[in-house]
Amino acid sequence: MQLSTSFLAQVTPVEPSPVQAALTQLFPADNFVLLGVILALPLIGAFVNGVFGKRLGREAVTLMALSAVGLSFVASLVAFFMVSSARVGDELVRFQWTAWEWFRLSTAGDFSQTPLNVAFSLDALSAVMILVITGIGSLIHLYSSKYMEEDPGYYRFFTYLNLFIFSMLVLVLGDSLPILFVGWEGVGLCSYLLIGFWFDKSENASAGKKAFITNRIGDFGLLVAMGLLLYFVGALDWSGIESNKEALLAPVKLWPIGNEVPLARILPEDAGKWLNQPRYVSGATLVGLFLFLGCAGKSAQIPLYVWLPDAMAGPTPVSALIHAATMVTAGVYLMCRMAGVFVLSPTAMFVVALVGGFTALFAATIALVQNDIKKVLAYSTVSQLGYMFLGVGVGAFVAGFFHVLTHAFFKACLFLGAGSVIHAMHARIHDTDQSQDMRYMGGLRKFMPVTFLTFAAAWAAIVGFPLTSGFFSKDEILLKANTSFVAGTSVAQGDFTWPAWGHWVLWGLGAAAAILTAFYMTRLFIGIFFGEFRGWTIVRGYQAAVHGHADAGHGGHDDHADEHGHAHEQPGPDMQGPTPHESPWQMTLPLVVLGILSLAGGFLSAHLFHVHPLDDFLGPVFGDAVQRVKLIKGHETRTIPLVAFAVVAFLVGSLVAYWIYLQAKGEPARKLAAQFPRLHSLLIDKWRVDELYEETIIGAVDSLADMCVWFDKWVVDGILARLTTAIISLSGTALRQLQTGRLQTYAAAMVVGLAGVGWFLLTPRAAAHTSADHSSGRYEITAAPGFGYGYRWDSDGDGQWDAEDFGEQRTIAFSLQTEETRTIRLEVRNAFGRTAEREFTFSRPKPDKSGYVAAATGVGAENLKNAHEGVGMKQ
Amino acid sequence: MLETYLPLFLLFVVALVIGGAMFTLGHFVGRKPLGPEQAMPYECGNDTRGGRDVKLTVKFYLTAILFVVFDIEVVFIYPWATLFKSLGWVGFATMSAFIVALGVALVYVWRKGALEWES
Amino acid sequence: MDTSLMSSPGVMMLFGLSPILALGLGGLLLMLAEAFGRPVVAHALEAQAIGAQPAGPEGQIVDAGAGRAAELALGAAVILFAGAIFSVALWLVGPENVTATERVAPYLLIDRFSVFFSFVVCLGGGIAALLAGGYLPEHRIERGEFFPLLVFCTLGAQALAAAGDLLSLFVALETMSLGVYCLVGLRRTSVRASEAALKYFLLGSFAAALMLFGAALLYGATGRTDLAGIGEAIAGLSGDGLEGRAAQILIALALLIVGLAFKVGAVPFHMWTPDAYEGAPTPTTGFMAVAVKTAAVAVLLRVLLVVFADERLGSWGTGWPPVLATIAVLSMFIANFIAGRQESVKRMLAYSSIAHAGYVFIGVVATSRSVDAQASVLFYLLTYTVSTLGAFGALILAGRYRAEAVSYEDLAGFGRRHPAAALAFSFFLISLAGVPPTAGFFGKLYVFKAAIQGELYWLVVLGLINSVIGAYYYLKVLVFMYMREPKPGAPFATPMRSGYVATALVIAACFVLGLGILPDTALEAAVAAVLGG
């Protein structure tokens, strides 16, 4: 461990340099205005481009957008070094900046003094994140300045992009969940706008919509988690949650809702008892699962992953920046941020790890057969995100976060490389769909050497070529999946311990996904860059399609044919068209930078070589959380075999792909597809999950809306209107003059409403609140007060009323012996002389050691909670 | 409690008796064979013209409404007048404000031409 | 400065009543101004509007007040904002320090509660007046009486919030309602507007009659007409005294709830709302959606918490809270589902206002169990007022003469044609949807928080579900504005130009943003304004 050469240590002199001293004075830790600068720059960029962009012209827009993000990057660098140099020992460094005090939940009540400020903070975790965001953001801005050159919405694009950077920075710099949520929604909005950037295509708009709706489900989870945190912990800012998180260990009764399940009354006794058995979870599990729902929405995990592949309809730099490098990792960031909360619940962690592992494998299977290169990369992203959650779920927070970093490098590189390829193909084909289809590519390495080389570097990283960044990060995750687990907490009740087979399942999912990843990425790589260029034929076919649909080879794409109406070169035998060409430097420079990072980035945390500056840097952030993460016995012995396996996985996956697609020209794959046509088509259709959702959830919502319309049309307009018409025409002609339109319907609805209100007030209700103290055997039952009500009781359970007359006594108190049962009856008479009766059964159980005493099985007491509060009307 | 409603009840009974008596007496005492003139509307001997559902010009309603509006205001003044002395200056000021508001309304109606039959 | 004069009861009385007096006197002046305005010639109007040479036949005098809508709008806005400013001044001095106003009690109760509502309705009325200043001339609805009527309606709303007696309550309610009936039917030549006004009028009379019946029963049962007195009498009833009267009082409760729920526009007493809102000129719609609703909620709160405050009536087993909770849930679900299916944005906003009545009712229900609930309702109404008027204002701005923006399709590509207005529109809709950092978010937050405090978890869950459903149709507008282009050849709305509407939008936006970023002040005011607080 001592061998670790922290590059941070190198830049951290013992004596603070004058520059550092000046910086520290300028930006004190408790009022770190530098964060404001980092945040403001992209916002200004977005504002200027958004408002004046149309008039500014292309160059000015580029300058504005690039300099905004670039300067923000420089500021982030400064902030990063300040964080790293301010650290002493294992203390957590956190710079804070409170922009303004937003509001306090201060009206009264339990969580009275919760201040919510617009505050930002910077610690090691967010320092790394902002470097990634602004760094890769700058590169992608540069790239986009060329990629989007021809687009009429140029300024709009950069407005959104800058706005995205701003929102993402808010997300990672926010010092509390609400601020994070603002950023969370902000990036969602930008993503939505950018996916639908080319909104004239309806599929893009619908992709945007899908992303939007799916993310709302996730947001719902995040909101609920916030509410629960507020309820349990009483704070939403990081330090507040951290200091008070033990409160989350309190058990929450999940079932039955109320005192008993109504169904239990009609079931056999045993079944009823089983049904009524109280079930508890810890608050941490609830919070963790709801938080994870939020994370799963944003980071595209099962079951909410469906939006991400469709989101690739947006411009490719957007895919690289938002849907690969930054936004989709927000879920992982949030999990790392809330690590202290998550580790309190082994259940939640296991769910996270399991979902992550399944997502990794599931998405990889889909990626096997896709032909659209962006689709392959999209599913690959989903799969890699699964890895991150797998890592975070098993408590390897640093490893998970490390994979965020390396993934940002190599996936951004892959997407930008794909963009470069598409750019080149598009120049030739002029069709968005076909220029992304790898069946028309091949052999491009000759035409685009830089793109090829950088793509190769990123390919090496993602398939886990030894010593590349992906190798180290993926290896670390798989290793931890196999060896580490989250220890149970001290709360015995309802706690969950990780099963022994868990490691092998989690590791197995990850390992299988690793092999598949190596396979499909190699397939993609070969498909694009090796073999013969198949685009020549497509151009002929394309021409033929324009002239007479002679070529059926690309059936579905024909209707997209030449929307641009370009005049192409004359058909002829040597018709070659423009050859694909290398992209300009604005596009290749980011590729080169990212390619180098993909290759070398692994040494930020290369445990194999005991080089792990990242771990040291992030250590204090997770210091508390990792206390609960344990390693299984004998984990040391597994390291070497597992690393060896990772190499084997890479070799198997890529060599098989090499053999199939390059040696055998894809023949085995076609044979296999022909042999298992149904499986193949299922994979092509992405397991038909979209269709499933369409049928079930969306269908249900639609039919509910239909039902309301139907109700309005038939029941309200139809039955009610006719009925009233009949009644009114019977009762006389006086009102006839008013029967124009559907006025009578409206009046009828009002009458029905009035009747409903009247019915409610007319009906007597024998609601009551019971309280039971099993240890002392004291029981009390209080009937809800009612206006004009009289009460009579059978308090001794002899079947006779205590007094025949209705009186005003509302409360009965009595005591029971152990295991004694008594049935109390209550009858009420309301102001209209109508009566209602209800029985309450009390039984005192034997003392229970578990500490969670079964509640009194008060039959007919489902409204007890409600009835209780009616007792007092607070003013 | 019901005793207080006795006068009301008596009034009701008296109204019913008188109304009923009129009709009954008319039926018994009146001359049976009606002449053609008596069978006509209003028993006035003039032929009526047009149908019963003739539409009157909206001006009639407007005038009627205005009459009702201002007439009802007078009802307010009536109880005030009986208590004029005990209400004193405050009462006077209040009623003056009320009458001013009424005056403004009158001016408005006038100015808007609602009082002009021809336009 | 003569302090004795300042503190004399007469002056203090005037000061205490200044928000109401400002509107009353201002309305009278405005009426005269409208009546004595110089007549304008019809063709000049036409020319002024289309910016071309007079083309029609020889012009004729249309109406004395015609063509001066803009000037009158300014007058009305000044009067209404003056009312709002007087309310603020009164608030700062503290109504409890202005003891002279006790002379008008219980007919008018000048307490913090009523002053708060006075401010909200004046603000709503003022913004509506500005909107009308742009809308009426643009759409050639040259009816100057709009503005005095608007001022008097606001006066009625103010008085309604301040009413502490059944008599003044009913008079105030009718003052407000009668004016609004006329405002709805302002566009006399439009069949739709007349139908809307007639429907609203007839159903409104029905509801008023029900309320009056309820009030009469209360008087019969207790022999009192002042709300506090009735409340005391009811609380004092027990034993034999209660025997014969309990039924009366319960029926009165049902009738009053129905009558007020009608004014609020809650399901199932909402059926008039979409028709009336759609038929009315858009500024009227906005006014109805905010001021009328706000005042009705104010009086509902006063009735429930003063008259029916007895624990036996506010009980969860048997009293009004479950009734209102049911109404709240029905309102949210039915309105939200139907709103999602609307083609017309204006009608969608009408249903949205019903749904918001549901959210407000959650807060009203929670008043029986949570100390914060009243304040949350007050705050919600403030946020709802500015957001809704803003949304209607943006809709007004999106259209022009004979090409009013009505459907979603009309708004396609609006984001391109008029970025500023589209941005404002988005902003207000986001606030209505309850997304931070807007006013609407905090409105919902506090209402839900109060309900949580009252342990009404299921209501909160249903409310949250509905917020999500609601977000769908609000954001659909955004989708059309930013992501769609109008179909080729299809008519789309071109935005109008009007300083009045723009001013109104700026004011509303300032409030929406201000309440979203710094909600504390307003919330503290709401907390201070609660009844019995």
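**How do you know? Questions about a predicted model**

Me: What makes E7-E8-E10 (chain A) an open sheet, and which way does the pairing run?
Reply: Three strands line up in the order E7-E8-E10 in chain A, with antiparallel pairing. Strands here are DSSP runs (E, at least two residues; helices are H or I, at least four), numbered from the N terminus. Two strands pair if DSSP finds at least two bridges between them. Strand E7 (768–773) and strand E10 (811–815) of chain A each have a single partner strand, so they stand at the edges and one side of each has no neighbour in the sheet.

By the way, this is a predicted model: local features need pLDDT of at least 70 and side-chain atom pairs 80 or more, while totals for chains, interfaces and linings use all residues. Residues are numbered from 1 along each chain as its sequence is written, chains are lettered from A and ligands numbered from 1 in the order written.

Me: How do you know that strand E8 (residues 778–783) of chain A pairs with E10(A)?
Reply: Five bridges join them, running antiparallel, and at least two are needed. In one of these strands, E10(A), Ala813(A) is the bridge partner of Glu780(A).

Me: Why is H19(A) called mostly covered?
Reply: Eleven of its 15 residues are buried, among them Phe452(A), Trp459(A) and Ile462(A). Buried means that 20 or more other C-beta atoms lie within 10 Å of a residue's own (12 or fewer is exposed, in between is partly exposed; C-beta atoms are placed from the backbone).

Me: What should helix H19 (residues 449–463) of chain A span, and what does it span?
Reply: The expected span is 1.5 Å times one less than the number of residues. For 15 residues that gives 21 Å, and the end C-alpha atoms are 21 Å apart, so the two agree. Next comes Gly464(A), with a positive phi near 85 degrees.

Me: What share of chain B is buried?
Reply: Buried residues make up 0% of its 119 residues. Chain B has four helices and zero strands.

Me: Where in chain A is confidence lowest, and where is it highest?
Reply: pLDDT is the predictor's confidence in each residue, from 0 to 100. Helix H30 (residues 864–869) of chain A is lowest, at a mean of 36, and helix H14 (residues 330–337) of chain A is highest, at 91. Over residues 1–13 of chain A the pLDDT is below 50. The mean for chain A is 77, and 79% of its residues reach 70 or more.

Definitions and conventions:
Contact = placed C-beta atoms within 7 Å.
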